[in-house]
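Please open the model in your viewer and keep the selection panel at hand.

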Amino acid sequence: MEIGPILSAMWRNRTGSVLVALQIALTLAIVVNSSFLAYERTEFIGRPSGIDEKNIVTITSLGFGSDYDHDATIDADLALLRSLPGVVAATASGHVPMSGSGSATGYRASMEDGAPMENGNYFEFDEQADEALGVNIIEGRGFLPTEIRRSDDPNSERMPEQAIITKALADKLYPDLSTAVGQRLFNNVGESAEIIGVVEHMFGSWVHWQNIEQVVWWPVRRSPPSTYYIIRTQPGQRDSVLTQIEPLLSASNRTRIIRNPQTLEHTIKRNYEGDSAMATVLTIAIGLLMMITGLGIVGLASFTVRQRTKQIGTRRAIGARKRDIIRYFLTENWLMTTIGLVLGTVLTYTLNFQLSQLFDTSRLDPWYLIAGMLALWLLGFLAVSGPARRASLISPAIATRNV
Amino acid sequence: MLRMSKVSRIYRTELIETHALRVLSLNVDAGEFVAVTGPSGSGKTTFLNIAGLLETATNGEYHLDGSDVSRLSDDQRSRIRNEKIGFIFQSFNLIPDLNVFDNVDVPLRYRGFNAKERADRIEHALKQVGLHARMRHLPAQLSGGQQQRVAIARALAGQPAFLLADEPTGNLDSLMARQVMDLLEGINRDGTTIVMVTHDPELARRAHRTVHLLDGQLANPDPFSPPADRAPAAMSTVA
Amino acid sequence: MFFYNLRLARQSLAKQPLLTALMVAAIAVGVGVCMTVTAYLYSISGDPIPNKSDQLFAVRLDGWAGDEPFNDDEPEQAPWQLTHRDAMALLESDVPVRQAAMRKAVYTAVPDNADIAPFLTISRMTANDFFPMFEVPFEFGGPWDDRYDQSAGNVVVLSKKTNDTLFGGENSVGRQVRFGDERFTVAGVLAEWAPKVLFYDVNNGPLNPVEDVFMPYQITAEREVDGSGNTNCWKDERIDTYWDLLQSECIYVQFWAELPDEQSVQRYQAWLDAYTDGQRDLGRFERPNNNQLNTVTDYLKIRQVVGDDELAVWSIAILFLVACLVNTIGLILARFIAKAPVIGLRRALGASRWAIFRQHLVEVGLIGFVGGLFGIGLSYAGLLGLRKLLPDTAALTSLDLTLVLMTVVVAIVAAILAGLYPTWRVCRLQPAMYLKTQ
């Protein structure tokens, strides 16, 4: 193919060629980095939480006044909730996982000097917690109803007798043991509890916390006056349960306020809002930029075709076939795109480096670059094919016409 | 009016030097109508470009209306083109998006006249060429001859020292060509100097005298110029 | 001449509607995307209290563990909050003209009118200085009296919304409201007050709404009120009772001081350093003195109210605009080169380079202006979209007049920048080259 003449034609119109190449380069850098960031966020949001997110609703009860009886209220509420058709299990809870609200503290495997301290995000749960969250206890057992400490227990400030922890925390605290079950879990002042079970996997309170998988369960009720309920329903029953519980609980007891009936899915979505907004904004920007770049190429190519009408007619008159004309423009565009992509590769990595330095983003996965290049080659091809086809339709008779 | 002495113009590219004009000397007096003829490649266009201050000469001196214009800045040349020279082109070169009135208006805009002055001049110029009634037409709605007359009106509106015409009838049929030539002659009779570049001997004959270019030089350094019998009373209408 | 050029520009743009549409679209989309992100950042990063943000200081003492900074990533930062003990000690200083220790608590409002269901309120436990210090506007009444701060008296200031719910918006000063088990006397009712950012306490999200009620801080200690908000502890110490918590090294109190001039800032800094030196002698403050006074804007910067994610997206948005501009440069260049014959003619008829330059600058300026108008529309749509994506900030994000003007100015400047090179190119054209048709 006539690369030589095309190159020299491009050289004569180097400003135009440079602009197209520069635009391709910028587009590549932006598109690749944006899609990388966007995909990272999407992956982050999509991390498996271990919890049956889709079938859970949560609700808050907040007591007030001197008539309020915390334990009696929770007993009655749980009996009511567990009796509802469609409800699989319900637990009273100190916090809701992935809600942004919770408590964490340091835990150790022993009180010896130098024993490492690990962060654990702790939840007050009852015997139905595993069922209510839809998580698996892979070692040991869950809590027994008798183990759950009521809020009026005189020892309520002390550490409970039993604890359940997640595998992630167990692996950190007891890395050399085949199971953490039977081990003792110490807090920072030396109190300890027996680990009776290990949860395969679950997320704690804060979706952006690096130790989100390190969770501790205590068999206690949250101190008065408030508590959450986590209610897991059969598939398809969630929304009907959600609409029932608020009026039912409100009517059952006037010494408290029932607030915020919510699907867990919604709560999680709210907590990932910033991340999903970022992914969405970047995705829209990618689409718009591809569109602008594509239309820009169409515009410039149409312009070139119009400028060269006479030249194209002359080529046709001296024997160029339609496909030769098309091929000429496709090759020219391919060359400009490719030069742009080479430049763009440098730009992409520069931008990625700057972003990672300034804003602590991660380093680029080269597959994104390759995908971006393929996309821009395709875009360039599609954009120029229309004008190229129009060029091929120029009549050879133009050559003899004195325009 | 126009005095070129030993003007030359050399185009250089990486490989070759082209001597488009070689040591050309030429005087045109006020009120003259001079035809510059020659075959293609003889340097007519270069002469026209230099005479019209569209290009500068490589060497030599050029005096226009009494002042040396050979070494002026781009802005100064723009100003002289605007005020002293009226161009008439073979292909009319009207701006297709602008109507007749606005086309004639173009040079006046750059002159900085106020709106009233411009309107007066445009109307006057269009009356001169007989297209007063077509002020709001677009060029495409006019015949070739009419378009060229608009171009002449545009050249006249600024009341230039001289008109520079480049094959003014080259794109016209013979009837229209004659009308245009009659018009130019009339303008010349009213006192405007005209230099016309053409390859057509018929046209050249209607001028007071003819200068023939060949290979960038005058072919007949004319010792009798200007012919006394056809010279009009020397006068200038330039303000 | 400007209007002549404007007319020429209009005609020229109308002549090639497709190319014009492309240029306008490139500018509009570039500016629209860029300004959407900018407007968002502008909304959340603006100075929430511009009149005196440089006189209000977040007070931070570094009493964290000796062997470990509060924040490993930024060890130079003192902890965000104070211990109760230190906050009470700081209140003894007479350097600040106003000061407030504060934290959040949750109260259930129980209306006397049985028709209104009890509802949950977030209470800011603070001092009466809070209101004049942060220029909080009152609809009725005013801050409670000094003696209630000393004696933990049951007084309350209601937000406008709370007063609307409880008293239908009437002047409720002097009336009683039940919160939980206790009755409080209304000292004042706020007028509408919604600072851009909840700058005085960003611990639970800078974009949270202002609290529903305000009460004296001392109530928390006297009545053992459980606070809400963040509590961070480092020391291995037993905390079994409320008293333990009050005496602990756990931090959960925000502290603000108003210092009107540089001299008082220095005096206060010295006072704080002397205080922590004294505490160190008593065995507290294991770390060297790192007592920090941050103005509102500095504090928001340190707390990264505008985070890295936002800034990364912003820089991409700016690059996006650049890419759109490069696109526009190409199109403008193509367009102007196509006009070369007419430009040559104008030059022949006496237009100076400057005149041609101006004419085409007006043309690209017009492209920018039209692009800017569409850009406003796009930014507006973009912000509506962002409100959907980020409901928390919905109330903050709006296109005010500044942003609208900025959008148009950015678009025009961008278009002129994009047009500068093509315009320069057409000015350099040799007029003679385009006058012959052959």
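How many residues of chain C are in contact with residues of chain B? The count is 19 residues of chain C, in contact with 21 residues of chain B; two residues are in contact if their C-beta atoms, placed from the backbone, lie within 7 Å.

Before continuing, please note that this is a predicted model, in which local features need pLDDT of at least 70 and side-chain atom pairs count only at pLDDT 80 or more, while totals for chains, interfaces and linings use all residues. Residues are numbered from 1 along each chain as its sequence is written, and chains are lettered from A and ligands numbered from 1 in the order in which they are written.

**Stop 1: chain C beside chain B**

Select helix H1 (2-15), helix H12 (340-348) and helix H13 of chain C, the elements that give two or more residues to the side touching chain B. Helices (H or I, at least four residues) and strands (E, at least two) are DSSP runs, numbered from the N terminus. H12(C) provides the largest share of this side, 5 residues. By class, the side has 10 nonpolar, 4 polar and 5 charged residues. Here Ala, Val, Leu, Ile, Met, Phe, Trp, Tyr, Cys and Pro count as nonpolar, Asp, Glu, Lys and Arg as charged, and the others, Gly among them, as polar.

**Stop 2**

Where pLDDT is low, the predicted coordinates should not be read in detail.

**Stop 3: chain C beside chain A**

Next, show chains A and C together: their contact takes 39 residues from chain C and 43 residues from chain A. Among the elements of chain C that each supply at least two residues to this side are strand S3 (98-110), strand S4 (119-126) and helix H11 (308-338). H11(C) gives the most, with 19 residues. The side of chain C that touches chain A has 28 nonpolar, 4 polar and 7 charged residues.

Residues to display include Leu289(A) and Ile292(A) in H8(A), and Phe320(C) and Ala323(C) in H11(C).

**Stop 4: two single residues**

Is Phe186(A) buried or exposed? Phe186(A) is buried, because 21 other C-beta atoms lie within 10 Å; a residue is buried with 20 or more such atoms, exposed with 12 or fewer, and partly exposed in between, the C-beta atoms being placed from the backbone. Phe186(A) lies in strand S7 (residues 184-186) of chain A. Its contacts, leaving aside neighbours within four places in sequence, include Tyr107(A) and Glu191(A).

Finally, select Leu429(C), in the segment after helix H14 (401-427) of chain C. Leu429(C) is partly exposed, with 19 other C-beta atoms within 10 Å. Leaving aside neighbours within four places in sequence, Leu429(C) is in contact with Ala340(C), Ile343(C) and Gly344(C).
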